Amino acid sequence: MFSRLFIISCLLLFLLVACVPSNSSQSLVYIDLNNLESLPTPQKKEVRPLRVAIAAVISPQGSAESYAPLLDYISQELNRPVERVQRRTYTEVNELIRTGEVDLAFVCTSSYLVGKKQFGMQLLAAPQVNGEVVYNAEIIVPADSSAKSLEDLRGKVFAYTDPISFTGRMYPTYLLQKAGEDPEEYFARTFFTYSHDDAINAVAAGLADGASVDKLVLDYAIKRDPALAEKIQVIHTSPPFGMPPVVVNPDIRPQLKAQLTDILLNTHLDPDGKYALQDLDYDRFVVVSAEDYQSAEAIESAVQCCQPEGK
Amino acid sequence: MSRNHWRKFTARFWKLVGGVSVRTKIFGIVLGSTLMLSLGFTLQVHHALRSVLEQKAQEQGISITRDIAARSTDLILINDLYSIHQLLVETQANFSDVRYAFIVDPQGQVLAHTFSAGFPTDLIEANTAAGMDYQNTTLVQTDEGQVWDVAVPIFGGKAGTARVGISDQSMRQTLTTLTTQLGLTILVVLAGSLLAASLLTWVLTRPILELVEVTRSVARGDFSARVQRWADDEIGDLAEAFNQMIIELGRLDVVRQEREALRKQLLEGMITVQEEERRRISRELHDSTSQSLTSLMIGLRNVSDVCSKPAVDEQIKLLRKEVSTTLDEVHTLAVQLRPVILDDLGLKAALERSVAEWGKRHKIAVDVFVHLGSTRLPDYMKTALYRIIQEALTNIAKHAHAESVSVLVERQKGGLVAVIEDDGQGFEVDNEFDSMHLGLLSMKERAELLDGTLVVESSSGYGTSIYVSIPIASKNGVDNGR
């Protein structure tokens, strides 16, 4: 009798179990996670792309986005693929230019000055912004800060951009050294953000009590995000310095150099080029000479800091 | 299911359920419902928890992958492969559910991954995410179980895709642990149910079994048995009512026994009176009437001697014949009423003679065997046996159309046994016992008055056998050896 009851119970149980919906009935892709193979090495591209370095004036993502249309334009004009190369620091980019790993580079003014001194980095052109081929450094503080000048930032937290950035490091250091202060002692704490937009964000967020940034980048950032203007205030603007240039290695093939110069100088004449320049807020590219950077060079040589490591 | 089928089903069900003891029923119901409830509950919890855990695992996978995508963007743009690798390895170390993590560049090249030596290359194609996607999750079957592969585009897909595999192993482990715990709980609950069922069975069946026991005692005639009232509930009420019923039955039984005794006494008295009366009439007929008739015969012979005329002789002869016939009839009547021989010579002689006479009278072959040994029977017992056999023979003569009859009376251990058999037409005992054979009833009464039994065996066409058994005890006044 018990056995019959047992069989009935079993049947009921089976029904219960069968009623519970079961998933994973669809066929799944099967992968053996322990069948490890060596990854194929990337194939050598048939056409060697033009390698263009972009110094981290603004953050890598910002640079990649802003420069994309211009790089596309260069690629189109040159009829050759263009590869964007980015590094965290100016020094790393300078190193790429020195070793010839990149053909063309958008660098900071100080990078050019350092590169020129080290291995004879050559100027190709510089962007003209709002009719000017010069730019300024601006010292910013949070909007609610009571600081009115660099003097008020004594004992505060200061954000530098790159160790060899002209506007972000050299200029404020120059100002303090000129006033007879030791920058290492002057601020309670300093840190590097490795890009101007991150320095602006650090001040806006209150992480830093002050920072010195590229005016062009600040204007560009405020244009992108108008709310930023309410979070910061400018307490000092520097005299004009030579615009961050487009540079090449001194050993570049003259033909490529001429070709690139031609493309850059005529960008604003082409509809696609004009569109690409608009994304960067550039009017056009113009020819610049070493003389245009003398005011900056004077500060660079006066400043007792900011030498690339190992030099 | 048609009504007929349903009826069949219910009939079978009740046959099945009705066939088991109450104990089994209670155990079946308690265990069955406990099992059903627990298992249903476990399955439901298992299922619900599984969906929740799956969802959580997927959500966690998506957050982790999006975090990797966000944190690796700059690292990819500045080509910091080591930091990317570190990011992936640390992510895997921090989240135990992450089985693997890797980053594919827009050309489908793996930039960094967490596999130690080599890479399962099939995995690259297993999942993709377009530049505009928030994420894309695919379930992948692997040799280590199922894995949710989450793909999140990095920098709108321009910097590649972050891929993370969330293993379901810890989820399975959680499920197994929970299910095991629930299973153990169910076992404990089952044990508790078993105890409760035993208690319930004990509480329910103990009074029932006691009722059965007491009912059997009452059936045996023991009215002193009582059911104990265990609890103040319905079963207690039943016990009370049952006890009340036994008391009432006992009272009725006393009344019945009194009446029965009275009836027996009355019957005995009637039979005794009847026998006494018969014996008196028989004596009267034998001693007085027969003597008178014999005197009449002698007187008539004397008359014929004195006055010898042919006409008178003729008349006297006729008268003498008439008187002789009357004398015979009176003799027969006297014997039938009460054979003097029974009182004078005993049962054996009386039976042998009366049976032989009966055979002669009805022209039926009779075989009679009476073996009483040295036992001397009391009068009433002799009379009863004689009357029973007499009645039996009367019945045979009236109804049986028998050709031969055998009568056996034997003293056996413990009593007297009489067997009367005939080869007549017989009858159906059950049908005709009371209506047709009133004589049989009186035979039975006589036997039972002496605490004996009378059994009739017969069927149509096969004759009839009557077995009479009367015990001999001191009560029946038998003196052995006399």
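**Notes on the A/B model**

1. Starting with the strand link between the chains: strand 1 of chain A (residues 29-31) pairs with strand 3 of chain B, in the parallel sense and over three bridges. Within this pairing, A:V29 sits opposite B:V140 of strand 3 of chain B. Bear in mind that this is a predicted model. For the complex, the predictor reports an ipTM of 0.75 alongside a pTM of 0.61.

2. Now the contact as a whole. Chain A puts in 30 residues and chain B 37 residues. On the side of chain B that touches chain A, the elements giving two or more residues are helix 2 (22-77), helix 4 (122-126) and strand 3 (136-142) of chain B. Helix 2 of chain B gives the most to that side, with twelve residues. Sorted by class, the side of chain B that touches chain A comes out as 18 nonpolar, 13 polar and six charged residues.

3. On to the sheet in chain A. Six strands form an open sheet in the order 3-2-4-13-5-14, and the pairing is mixed. Strand 3 (82-86) and strand 14 (284-286) of chain A are at the edges with a single partner strand each, so one side of each has no neighbour in the sheet. On average, neighbouring strands of this sheet are turned by 25 degrees against each other, direction ignored.

4. One pairing inside that order is worth a look. Strand 4 (residues 104-106) and strand 13 (residues 246-248) of chain A run antiparallel and are joined by two bridges. There, A:F106 has A:V246 of strand 13 of chain A as its bridge partner.

5. What lies across these strands? Helix 9 of chain A (residues 254-265) does: it lies across strand 4, strand 5 (122-128), strand 13 and strand 14 of chain A. Its direction is at about 10 degrees to strand 5 of chain A.

6. Next, a helix pair in chain A. Helix 7 (residues 196-204) and helix 8 (residues 215-224) of chain A have axes that come within 9 Å and cross at roughly 65 degrees. That crossing makes helix 7 of chain A roughly perpendicular to helix 8 of chain A, and the crossing is right-handed. Helix 7 of chain A brings A:H196, A:D197 and A:I200 to the contact, while helix 8 of chain A brings A:V217, A:L218 and A:A221. By class, the residues of this contact split into four nonpolar, one polar and one charged.

7. Chain B has a helix pair to set beside it. The axes of helix 5 (residues 169-219) and helix 6 (residues 234-306) of chain B come within 11 Å and cross at roughly 5 degrees, which makes helix 5 of chain B roughly parallel to helix 6 of chain B. From helix 5 of chain B, B:P207, B:L211 and B:V218 meet B:I235, B:A239, B:F242, B:I246 and B:L249 of helix 6 of chain B. This contact has eight nonpolar residues, with no polar and no charged ones.

8. Last, confidence in chain B. The average pLDDT for chain B is 86, and 96% of the residues score at least 70.

Terms used. Residues numbered from 1 in each chain as written. Chains lettered and ligands numbered in written order. Predicted model: local features only at pLDDT ≥ 70, side-chain atom pairs only at ≥ 80, totals over all residues. Contact = placed C-beta atoms within 7 Å. Helix = DSSP H or I, 4+ residues; strand = E, 2+ residues; numbered from the N terminus. Nonpolar A, V, L, I, M, F, W, Y, C, P; charged D, E, K, R; others polar. Pairing = 2+ DSSP bridges. Axes fitted to C-alpha atoms, helices over the stretch in contact; angles between N-to-C directions. pLDDT = per-residue confidence, 0-100. Parallel < 35°, antiparallel > 145°, perpendicular 65-115°, else oblique. Left-handed = near helix turned anticlockwise from the far one by under 90°.
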